[in-house]
Amino acid sequence: NIFIYFYNMKNKPSTQFVLSLDLFPYECLVSINKTPKEVQAQLTKFGKPLSREMLDYITSKPANSAVYIFNPDSATSVIFINAPNIERSISLFDHEKIHFLHHVFTKIGITLTDSTEEVYAYSSEHLMKNFLSKIFG
């Protein structure tokens with residue numbers, strides 16, 4: 001079963017889940033190969049739908065790309081990934097999580113310096129570990 005699951009994910013994963021930063025009260029919806037309509041449906045369940053402008057923006061993104069968006073109206077973060085395979089999904093998430101972390105840390109007043117570098121690194125590792133756990137179980 002694990003091999004079949006990995007094989008299916010390797011071809012073109014399609015999933016959505018929420019990742020949280022344990023040290024800080026922030027979370028992000030990660031959407032991999034879901035349609036903008038499916039992302040909107042998930043966010044609406046949480047009572048945090050995207051604005052029409054943001055929905056149009058993620059709809060305009062080409063295949064094999066990703067974007068991090070923040071909806072200030074509902075304080076909602078979304079990483080929207082459209083990738084042909086699991087390797088590219090991981091690569092795109094790795095990139096977009098930096099935007100998420102930058103947003104969170106800027107909001108709470110932690111700028112990247114020699115003395116704060118470790119909190120950035122720990123948080124980046126934490127998100128990647130949880131991302132991979134959601135993908136591979």
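R52 sits out in the open, exposed at a relative accessible area of 59%. Keep in mind that this is a predicted model. R52 pairs up with D56 in a salt bridge, and the count of such bridges comes to two.

**Salt bridges**
- In the bridge between D56 and R52, the closest N and O atoms are 3.1 Å apart.
- D56 and R52 are four residues apart in helix 3 (residues 52-59), so about one helical turn separates them.
- D56 is partly exposed, at 40% relative accessibility.
- K97 forms a salt bridge with D94, with 3.0 Å between the closest N and O atoms.
- Those two also sit in one helix: K97 and D94 are three residues apart in helix 4, so they are about one helical turn from each other.

**Helix 4 against helix 5**
- Helix 4 (residues 86-108) packs on helix 5 (residues 117-136) at an angle of about 140°, with the axes 10 Å apart.
- That angle makes helix 4 oblique to helix 5, and the crossing is right-handed.
- Helix 4 brings residues including F93, D94, K97 and F105 to the contact, and helix 5 brings others, among them Y120, L127, M128 and F131.
- The residues of this contact split into 15 nonpolar, three polar and two charged.

**Q40**
- Q40 is part of helix 2 (residues 36-45) and is buried, at 15% relative accessible area.
- Leaving out residues up to four places away in sequence, Q40 touches P49, L50 and L55.

How values were computed
Residues numbered from 1 in each chain as written. Predicted model: local features only at pLDDT ≥ 70, side-chain atom pairs only at ≥ 80, totals over all residues. Heavy atoms only, no water. Axes fitted to C-alpha atoms, helices over the stretch in contact; angles between N-to-C directions. Parallel < 35°, antiparallel > 145°, perpendicular 65-115°, else oblique. Left-handed = near helix turned anticlockwise from the far one by under 90°. Contact = heavy atoms within 4.5 Å. Nonpolar A, V, L, I, M, F, W, Y, C, P; charged D, E, K, R; others polar. Buried < 20%, exposed > 50% of the residue type's maximum accessible area, 1.4 Å probe, protein only. Salt bridge = Lys/Arg side-chain N within 4 Å of Asp/Glu carboxyl O.
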